[in-house]
Amino acid sequence: MPMSRRALAAAAVALVLPLSACGSGGDDGPAADASGKVEGDITFQTWNLRANFKPYFEGLIAGFEKKYPGTKVKWIDQPAEGYPDKLSVDAGGGTLPDVVNVSPDLVAPLARAGLALDLDKAAGTYKPDYLPGAWASHQIPGLNGTYAFPWYLNTGPLFYNKALFRKAGLDPDQPPRTYDDLFSDALKMAKDSDGKVATLANVPTIEDFGRYGVPLMNRQGTAFAFNDAKGVELLTRYKQLYDAKALDPQALTATPESTGKKFLTGAVAMNPGSALDLGNFKKNAPSLYRDIGITDQITSTGHVNMYVMGVMVNSRTKHTPAAVAFAHFVTDARNQMSFAKKVAIFPSTAGSLDDPYFTKEDGTDETRVRVAAAKSLKNAVNYTPVLFSDQMKTALRNEVAKALQGRQSPKTALDNAVKAADRLLQQG
C-alpha cells in the first residue's frame, strides 16, 4: 500500500512545470468558503483502490449521500501507473476532480499552483480530529496552510535477533532505541563476531537524517540543509560502522529482499519488516522466529517516521461545502477505523490508535506487529520532505556510497548531495 506507492514520487516533480501556469500558491480563489449548504454533484478520485476495496467505497459514498440529501458523488479510480502524470494533465486542463487522493509529495505542486484548498482556512475546525503529525504532513515549505486531510498512515517496527544480541553480551530485552545506542551495540557486535555479524544492512536515507535530528530543509523550503554538522556527524558514524563491518558490506547495493535474506540467515541482527515477515520466519527460520524481538524504529528525536496518504480538495470546485464535507467524511474516525480493519494500515484520527484493535494482543503475528506499530504512530512525523524526489534520493544514495567507500569525505558527500537536490528543486 503506501510504502510501495512512494516509488511514484519522482514523477511528481513533473507536475510542477505544467501547473505553474495555473495559479500561484495559497490563492484559493472565490470557491474557498466551505460554509453553506452541503449539496451538489462532486467527483472523488482514488489511487488504485477499486480492485480490492470496491464494496467499501460504494458503501462509504452511499453513507455520505444518505447523510446529505442533495449530494451525488461520482467515484473515479486511477491505476497506480502514471498517477502523477494524470494529475498533471487534469490540473493543466482544468479537469481535476473535486476531491483527490494524494500523498504529500503529490499535493506540493498542486498547492504551489493554487489548486489545493487550504484547510487551515477553510476547515480549520477539523484540525483537532487528527493526530498533530498527520495533520502537519500535508503542509508545504514556503507556503502557509495545510493542503489535504490526512487519511491512512503506515509505519514499520524493527525486528531484531535476540540470540545474536545475547551472543554479543548485549541485553536481548533492551534493544537500541537511539542512534547512540545503535552505534555502540553495532560496534560491539561486529567486534565480538570478528566482523561476521553486522547490525544493519542499509545505508542511511533521508528519513535517517530526520530521525537523527538533522534539519532537512531551510524554513522557506527553498534549499536543503542536511549537510550541516549534525548530518556530517551521522554519516561519519555510519562510515565507522562500515569500516568495522557493523554495517553489512553489501549495504551499498542492498534491496529489501536482500536485506531480508541477510536477517533470515543471521548475518544481520536488525531489519525493518511487517507481519508478513513474521510468517516467513515461522516457516523458514523457526529458531529465529522463536527468538525474535520487535522494537520501534531507531530515533534520536523521540518520533518515528510515518508514511501518510491524504485527501485533497480542489480549490476550484464549484461545490466547496460538499467537497470539504466529503473529504472529512472519508477521513473521519469511524470510516478510517472501518478501512483499517480491511487492510494493514492505521487511522490518522486522534484517539483511534487507543482502540483495543490497536492495543490488545491476541497471540497472532499480525496483531503483534500491528500493536507495536500503532504505539509508535501516536507522535510520529513524516520525515521525508514533500519536495524530496526519487531523483534526489538517488543522488543522496550515490554520494553516501562514495563516503562509505572512502572515496570522499562525509562532508563533501553531503555537500554534493545537497547541491544536486537543490539543482533539481530549482529545475522543478
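Visitor: Is Gly260 buried, partly exposed or exposed?

Guide: This is a predicted model, and the values are computed from its atoms. The relative accessible area of Gly260 is 25%, while buried means under 20% and exposed means over 50%. Because that area falls in between, Gly260 is partly exposed.

Visitor: In which helix is Gly260 found, and how many Å apart are Gly260 and Asn101, C-alpha to C-alpha?

Guide: Gly260 is found in helix H12, which covers residues 256-264. In sequence, Gly260 and Asn101 are 159 residues apart, and in space their C-alpha atoms are apart by 31 Å.

Visitor: Which sheet does H12 pack on, and what angle does the direction of H12 make with that of S6?

Guide: The sheet is an open one of three strands in the order S6-S5-S7, with antiparallel pairing. Its edge strands are S6 and S7, each of which pairs on one side only, and the twist from one strand to the next averages 30 degrees. H12 packs on this sheet and touches S5, S6 and S7, and its direction makes with that of S6 an angle of about 140 degrees.

Visitor: Which residues stand opposite Phe159 in S6 and in S7?

Guide: Strand S5 (residues 158-161) pairs in the antiparallel sense with strand S6 (residues 270-272) over three bridges, and with strand S7 (residues 292-295), also in the antiparallel sense, over four bridges. The bridge partner of Phe159 in S6 is Asn271, and the residue opposite Phe159 in S7 is Ile294.

Visitor: Which residues of strand S5 are buried on its two faces?

Guide: In a regular strand the side chains alternate between the two faces of the sheet. Both faces of S5 are covered, with the buried residues on one side being Leu158 and Tyr160, and those on the other Phe159 and Asn161.

Visitor: Is Leu288 buried or exposed, and which residues is Leu288 in contact with, leaving aside its neighbours within four places in sequence?

Guide: Leu288 lies in helix H14 (residues 286-290), and because its relative accessibility is 6%, Leu288 counts as buried. The C-alpha atoms of Leu288 and Leu164 are separated by 9.9 Å, although the two residues are 124 residues apart along the chain. Apart from neighbours within four places in sequence, the contacts of Leu288 are Asn161, Phe263, Leu264 and Phe281.

Visitor: Which strands stand at the edges of the sheet of six strands?

Guide: This open sheet has the order S2-S1-S3-S8-S4-S9, with mixed pairing. A strand with a single partner strand has one side left without a neighbour in the sheet, so the strands at the edges are S2 (71-78) and S9 (346-347).

Visitor: Why is helix H5 largely enclosed by the rest of the structure?

Guide: Helix H5 spans residues 104-112, and eight of its nine residues are buried, so the helix is largely enclosed by the rest of the structure. The buried residues are Pro104, Asp105, Leu106, Val107, Ala108, Pro109, Leu110 and Ala111.

Visitor: Which residues lie closest to the centre of the second largest pocket?

Guide: The second largest pocket has a volume of about 540 Å³. Of the 21 residues that line the pocket, 11 are nonpolar, nine polar and one charged. Those closest to the centre of the pocket are Leu216, Asn382, Tyr383, Thr384 and Pro385.

Notes:
Residues numbered from 1 in each chain as written. Predicted model: local features only at pLDDT ≥ 70, side-chain atom pairs only at ≥ 80, totals over all residues. Heavy atoms only, no water. 1 Å grid on protein atoms, 1.4 Å probe; cavity = no way out; pocket = protein on both sides within 12 Å on 5 of 7 lines; lining within 4 Å. Points joined across faces, edges and corners; volume = space filled by probe spheres on them. Nonpolar A, V, L, I, M, F, W, Y, C, P; charged D, E, K, R; others polar. Buried < 20%, exposed > 50% of the residue type's maximum accessible area, 1.4 Å probe, protein only. Pairing = 2+ DSSP bridges. Contact = heavy atoms within 4.5 Å. Axes fitted to C-alpha atoms, helices over the stretch in contact; angles between N-to-C directions.
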